[in-house]
Amino acid sequence: MNIQSEIATVLEANLDLPKETIEQLLEKPKYAHLGDLAFPCFTLAKSMRKAPQLIAAEIAEKIESPLIDHVEVVSGYINIFFHQPLVAAKVMEEILDQNEHYGDFPQDKGVMTIDLSSPNIAKPFSMGHLRSTVIGNALGLIAEKNGYTPIRINHLGDWGTQFGKLIVAYKRWGKEEEVRKNPIKELLKLYVLFHEKAEEDPLLNEEGRKWFNYLEQGNEEATELWKWFRKESLEEFNKIYQLLGISFDSNNGEAFFNDKMEAVVDLLKEKKLLVESQGAQVVELEDFPPCLIKKSDGATLYATRDLAAAIYRQENYRFVKSLYVVGNEQMLHFKQLFQVLEKMGYDWAKGMAHIPFGMMLKDGKKMSTRKGKVVLLEEVLQAAIELAEKNIEEKNPLLEMKEEVAKQVGTGAIIFHDLKHYRLTDIEFSLEDMLKFEGETGPYIQYTHARACSLLRKGRFSHPATIADLQWDDVSFPIVKILMDFPISVEKAIEHYDPSEIAKYVIDLAKAFNKYYANVQILEENDEKEARLSLVYAVTLVLKEGLRLLGISAPEAM
């Protein structure tokens with residue numbers, strides 16, 4: 001049940017405005033003494049030819065609902081104060097009835113494909129790849145909560161000239177034994193070395209292109225090396241995905257579409273969309289520069305491959321929405337891609353969206369694999385887990401399953417540090433900030449959940465009790481208001497493709513609960529004890545579900 005929606009229905013009976021508009025206009029006052037909701041009357045002044053204060057006063061007199069205790073008119077606003085016992089009872093009843101399904105959208109909205117992570121084969125999984133991976137995974141979980149069936153696609157960077165360069169580097173300077181022992185680090189060393197040497201000897205680049213050409217033609221030696229590099233990389237990547245608790249429905253990378261691109265080129269010719277420009281084949285677009293499909297030497301490009309991938313995904317998954325969680329530097333590419341698909345007559349292209357995000361910076365600069373300036377994600381995760389283990393050893397040495405909890409806390413710290421920021425914000429890499437266990441961090445939220453679980457254990461809580469007799473005040477009722485907003489946050493998070501909506505929500509809920517914990521004797525033996533524990537239980541349900549939507553575990557003890 002949506003209390004805000006019910007209040008909008010009450011206002012609709014007294015306003016010449018559609019309910020949807022009223023819901024959008026309703027605000028949450030900054031301070032509790034100004035009410036629980038506020039309706040501004042300024043937009044009505046022109047049509048009603050009255051002062052906002054007068055309009056507010058007239059409407060306020062007519063408002064009646066069991067959910068409303070009273071209203072106050074302040075400077076053109078109708079400030080609405082909830083009937084706390086009734087609103088609290090309704091919110092709590094819904095949470096305790098639905099448990100972890102609280103906030104679920106009840107109907108099937110269809111398939112949503114999500115292109116995420118997509119690291120390059122034979123290169124390390126760096127902090128630079130973290131953003132696409134965790135944002136995409138969270139969007140998949142949030143989409144599912146909103147009624148979609150998510151299909152997570154890891155479109156691996158497993159093709160291109162860089163493989164020709166890597167083959168050259170391996171043949172010249174590589175040692176099989178060393179690569180087998182530590183594949184990614186050794187391959188990175190070779191890749192960096194190639195670019196250093198190529199600055200002195202530009203002919204190396206030609207040799208790299210030649211070996212990629214061999215690979216495209218199916219040369220046995222080149223193909224075997226490529227398969228080996230790919231296999232070793234995937235094994236390394238999977239260790240990280242396991243730590244992060246992320247899995248995929250498809251690992252079809254760029255190479256998978258090699259035999260599907262010519263059909264796209266033929267289709268573009270058939271639809272008379274392909275034109276020649278300086279020897280190259282392009283599709284001219286109304287709003288953007290022409291989309292390059294084939295270079296003058298006949299080589300296909302990213303756009304050709306992505307067109308083939310989009311058509312393949314629609315044929316196989318019949319998606320209603322298709323997201324590409326890729327850095328904001330690729331914005332033009334996706335605008336061109338979507339417009340080409342629309343020109344090809346595909347209506348489903350309207351359901352496609354690029355979900356850009358800011359960069360992970362190191363010392364204010366973009367991380368670069370080519371120059372070897374990378375911070376390895378695996379090393380950061382291990383450092384976070386070790387710090388979590390150390391903290392647990394100091395604070396709770398008798399904790400069961402210490403290693404498992406340390407993994408949950410360490411990885412949670414890294415994921416939350418990313419997702420609490422609006423995705424378009426650039427993030428400065430700072431191990432120190434990521435691993436803080438106080439303030440607005442993953443460990444703070446996890447610890448709040450564990451503290452609430454501990455109260456339930458100590459209070460021997462077994463099943464929710466009625467909360468009708470609970471005395472609501474300025475530390476308990478704010479929790480109910482935040483719990484009430486969870487479904488709204490879930491909806492907003494998918495509407496804006498922004499997991500930070502959920503991260504900010506769980507921060508607010510954790511803060512409100514900790515204030516309650518500090519001011520109320522929750523385990524005091526009196527008539528309200530079971531009702532207080534029911535409120536604590538509702539908090540654990542929603543905190544756990546909020547963390548789950550971000551891809552983070554919620555330990556019951558820390």
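What share of the contacts in the protein with a separation of 6 or more comes from residues 24 or more positions apart? The share is 73%. A contact here means heavy atoms within 4.5 Å.

The model is predicted: local features need pLDDT of at least 70, side-chain atom pairs count only at pLDDT 80 or more, and totals for chains, interfaces and linings use all residues. Residues are numbered from 1 along each chain as its sequence is written, and side-chain values use heavy atoms, with hydrogens and water left out.

The protein has 22 helices and 13 strands. These are DSSP runs, numbered from the N terminus (helices: H or I, at least four residues; strands: E, at least two). Along the principal axes, the C-alpha atoms fill a box of roughly 80 × 65 × 40 Å. Of the 558 residues, 53% are buried. Buried means under 20% relative accessible area, exposed over 50%, and partly exposed in between (1.4 Å probe, protein chains only).

One residue was examined in detail. Y302 lies in helix α13, which covers residues 302–317. Y302 counts as exposed because its relative accessibility is 55%. Its C-alpha is 8.9 Å from that of L292, a residue ten places away in sequence. Neighbours within four places in sequence aside, Y302 is in contact with E254 and H333.
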